[in-house]
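Please report on the structure shown here, with attention to confidence, helix packing and the surroundings of a single side chain.

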Amino acid sequence: MASVDQVANSERIATGDGVLFNPRTYDGAGLDPESRRIMLATIEFFESRGKATLKEHDHERRWYSDFLEFVAREHVFATLLTPTAEAGGDSDKRWDTSRICAFNEITAFYGLPYWYTWQVSILGLGPIWQSGNAAAKQRAAKLLDEGSIFAFGLSEQQHGADIYSTDMVLTTEGDGFRASGAKYYIGNGNLAGMVSVFGRRADVDGPEGYVFFAADSQHPAYNLIKNTVNSQSYVSNFELEDYPVRAEDVLHTGPAAFDAALNTVNVGKFNLGFASIGICEHALYEAITHADARVLYGMRVTDFPHVRQAFTDAYARLVAMKLFADRSIDYMRSANPDDRRYLLFNPVTKMKVTTEGERTIDLIWDVIAAKGFEKDMYFEMAARDIRALPKLEGTVHVNMALVLKFMAAYLFDPAEYDAVPTRDDAADDEFLFRQGPARGLSKIRFHDWHDAYAAFAHVPNVARFTEQAEGLKTLLSTTPPSEDQIRDLDFMLTLGELFTLVVYGQLILEQAALAELPQDTIDQIFDVLVRDYSAYAVSLHGRASSTDAQQEWALAHVRKPVVDGDRFASVWERVRALAGSYQMRP
Ligand SMILES: Cc1cc2nc3c(=O)[nH]c(=O)nc-3n(C[C@H](O)[C@H](O)[C@H](O)COP(=O)(O)OP(=O)(O)OC[C@H]3O[C@@H](n4cnc5c(N)ncnc54)[C@H](O)[C@@H]3O)c2cc1C
């Protein structure tokens with residue numbers, strides 16, 4: 001009979017160093033009873049409904065009413081998305097980013113559309129929970145209890161990221177307004193109980209004229225035009241025609257409306273990284289199970305050296321995504337007016353984790369090849385949906401432009417902070433709804449990134465990567481970007497990739513220490529990061545505007561990772577052990 005230690009060890013292996021989500025072994029450890037019940041009930045909803053139904057609904061692009069009935073019956077959104085202040089004394093309700101992220105991962109593990117209806121409900125609730133309008137907040141809490149979904153009406157067809165140019169126009173009427181204009185790409189716009197809509201007053205120019213208001217998607221003056229996408233999700237185009245906005249529908253006016261838009265996106269975009277992780281986890285289980293059982297030319301596919309390399313890289317990338325994202329939860333939850341470090345870690349979770357998700361899927365798709373197209377595979381959905389996450393809620397470019405604002409303070413001007421512990425406690429993250437104006441970003445200070453790296457200086461590839469990271473300081477102090485280069489986002493995006501890697505590595509190491517990750521996995525992750533840094537350095541070398549000195553710097557910072565066959569073999573065995581460790585019920 002196996003000892004408890006052996007069982008624990010084999011479970012650790014089957015869930016990939018204990019950090020990957022596996023529905024078979026997931027027990028919601030660390031969650032309070034109600035949160036655990038919700039997570040386990042959600043897993044059971046999908047598993048008992050089965051894979052054939054999951055795929056059939058995807059192919060038929062069927063609206064997920066059965067999922068939403070489950071959500072309503074089990075009070076899932078009501079429990080997870082009602083802040084304590086609006087909970088009417090229900091002690092299970094709170095806005096707890098830790099359990100919100102667990103739910104992100106689980107829903108995306110089974111399909112991005114299920115995650116999306118929850119995600120846009122989060123966005124729709126953002127301007128409401130930030131509002132001083134008590135009646136609107138009570139209405140939202142009641143609708144959540146009744147199982148309603150919500151929507152966030154910011155985007156317009158003509159204006160993309162340029163929200164200053166909104167054509168949703170409000171004219172004054174009594175103590176309210178009449179609103180006319182169209183919105184485009186608005187998820188849940190077909191059924192949302194409250195649609196938070198951003199517009200501007202016809203009679204007030206500039207930021208003072210902005211208004212956020214709540215519309216009812218079932219009102220006669222709310223004209224649902226079409227679904228803009230070919231999906232189970234309803235990403236609506238709707239038009240308001242003289243829609244009556246009563247005083248009790250107004251959520252924010254003036255610059256506060258604009259801040260509410262940005263701060264809502266801050267809360268919401270964080271979720272995209274966790275959705276990416278959930279997609280990659282399910283895809284990895286399917287892919288390794290298929291490849292390990294397949295025999296070509298008398299040998300297993302997983303015996304090809306390039307296949308082992310691809311899977312080990314995919315695994316290292318996925319574990320890194322998870323470590324970074326888990327650690328950034330701690331900074332999101334510990335944020336306050338004096339500690340706004342989350343404003344860097346959040347866009348990195350959004351942008352970097354989701355693009356790493358694409359790379360993970362690409363690596364394993366090259367291995368499973370034709371199998372990835374088959375209609376009864378989850379992978380077919382993963383290969384399509386993983387592409388969405390870097391592009392939504394601010395493109396990679398927009399988020400990278402934001403990340404660059406923090407570079408100087410982060411690299412050169414560290415500050416002292418108390419250590420931030422793991423934040424899986426049952427607290428309400430009320431600060432997220434009073435973030436205030438997103439100003440003074442370049443003044444935000446960070447704890448010294450060197451500390452995380454120094455703690456792992458004995459790991460060969462961490463040491464090698466640290467040399468490269470130090471090199472970034474050399475670049476910026478000896479041959480910094482010129483004024484012209486600073487205006488050239490093509491050049492700055494590549495510099496931003498190098499900087500992002502340093503931030504990424506820091507939080508990966510902080511979480512690796514907290515999670516007691518085996519050293520060989522850490523070394524393998526940094527083997528990947530050393531190669532990535534080298535590739536971005538070469539990319540900087542090739543940018544149109546790079547100077548001779550910058551080119552010289554770039555080539556001098558290309559490094560080969562420290563190669564260690566034993567380490568690679570031990571990580572690979574852990575990856576291979578995932579084969580057969582999870583298959584969705586038929
Ligand atoms: C499936 C789906 C669901 C969606 N759901 C919603 C929703 O529920 N609610 C909602 O309001 N919106 C929603 N959106 C809209 C989504 O958030 C936008 O698509 C996204 O913000 C990017 O806008 P865009 O695609 O129009 O790109 P554009 O804004 O047209 O950008 C064009 C290019 O310019 C670059 N660019 C633009 N601004 C900058 C900048 N400041 N710095 C650097 N580069 C820049 C971009 O990176 C991009 O390469 C959804 C979209 C889709 C496809």
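How do the axes of helix α6 and helix α10 cross, and within what distance do they come? In this predicted model, local features need pLDDT of at least 70, side-chain atom pairs count only at pLDDT 80 or more, and totals for chains, interfaces and linings use all residues. Residues are numbered from 1 along each chain as its sequence is written, and side-chain values use heavy atoms, with hydrogens and water left out.

The axes, which are lines fitted to C-alpha atoms over the stretch in contact, with angles from 0 to 180 degrees between N-to-C directions, come within 9 Å and cross at roughly 150°. Because angles over 145 degrees count as roughly antiparallel, α6 is roughly antiparallel to α10. The residues that make the contact (heavy atoms within 4.5 Å) are set out below.

| Helix | Range | Residues in the contact |
|---|---|---|
| α6 | residues 97–110 | T97, S98, C101 and E105 |
| α10 | residues 305–333 | K322, I329 and R333 |

By class, this contact has two nonpolar, two polar and three charged residues.

T360 has its place in helix α11, which covers residues 342–368. With a relative accessibility of 1%, T360 counts as buried, a term that means under 20% relative accessible area with a 1.4 Å probe and protein chains only. Beyond its neighbours within four places in sequence, T360 is in contact with C280, A314, R317, L318 and M321.

The pLDDT, the predictor's confidence in each residue from 0 to 100, averages 96 over the protein chain, and 97% of the residues score at least 70. Over residues 1–9, however, the pLDDT is below 50, and this stretch has two contacts in the model beyond near neighbours in sequence. Where pLDDT is low, the predicted coordinates should not be read in detail.

Definitions and conventions:
Helix = DSSP H or I, 4+ residues; strand = E, 2+ residues; numbered from the N terminus. Buried < 20%, exposed > 50% of the residue type's maximum accessible area, 1.4 Å probe, protein only. Parallel < 35°, antiparallel > 145°, perpendicular 65-115°, else oblique. Nonpolar A, V, L, I, M, F, W, Y, C, P; charged D, E, K, R; others polar.
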